[in-house]
Amino acid sequence: MTPKEIVLSGYEAFAEGNMAKLGALYHPECRININGKHALSGEYIGFDAFASEVLANLETTWPGFNLEITKVVAEGVDVCIFLKVTDRKSTRLNSSHSEI
């Protein structure tokens, strides 16, 4: 798989609710940083912490949470995903990217 395919497979796993598939893409000691000043901001060590403290709380924090990939830029091992992230109120929450 190319780096782009790996990153996109993570978004696919998330959309399917397949946390085992999504978690398999992460290093056991990965550090995930969520920027901003909101309930889910912070640093999470390991996918299990990220899944239990962030992913499991998306719907309660932002009812109707949804993300849409708007653009993918890939060059070599660098992959950037641009997102439109909204809640039920169609409020734009943030935009984000992923790198591998």
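Close-up A. Arg88 counts as exposed, at 59% relative accessibility, where exposed means over 50% relative accessible area, buried under 20% and partly exposed in between (1.4 Å probe, protein chains only). This is a predicted model, where local features need pLDDT of at least 70, side-chain atom pairs count only at pLDDT 80 or more, and totals for chains, interfaces and linings use all residues. Residues are numbered from 1 along each chain as its sequence is written, and side-chain values use heavy atoms, with hydrogens and water left out. Arg88 makes a salt bridge with Glu59, with 3.4 Å between the closest N and O atoms; the term means a side-chain nitrogen of Lys or Arg within 4 Å of a carboxyl oxygen of Asp or Glu. Arg88 sits in the loop between strand S4 (78–86) and strand S5 (92–94), and Glu59 in helix H4 (residues 58–61), so the pair ties together parts 29 residues apart in sequence. Helices (H or I, at least four residues) and strands (E, at least two) are DSSP runs, numbered from the N terminus. Glu59 is partly exposed, at 43%.

**Close-up B. Glu43 meets Arg31.** Here the two side chains form a salt bridge, 3.1 Å from N to O. Glu43 belongs to strand S2 (residues 42–45) and Arg31 to strand S1 (residues 31–34), so this pair, 12 residues apart, links distant parts of the chain. Arg31 is exposed at 56%, while Glu43 is partly exposed at 45%.

**Close-up C. Glu12 with Lys21.** Another salt bridge joins these two, the closest N and O atoms being 3.2 Å apart. Glu12 is partly exposed at 41%, and Lys21 is partly exposed too, at 31%. A search of the whole structure turns up 3 salt bridges.
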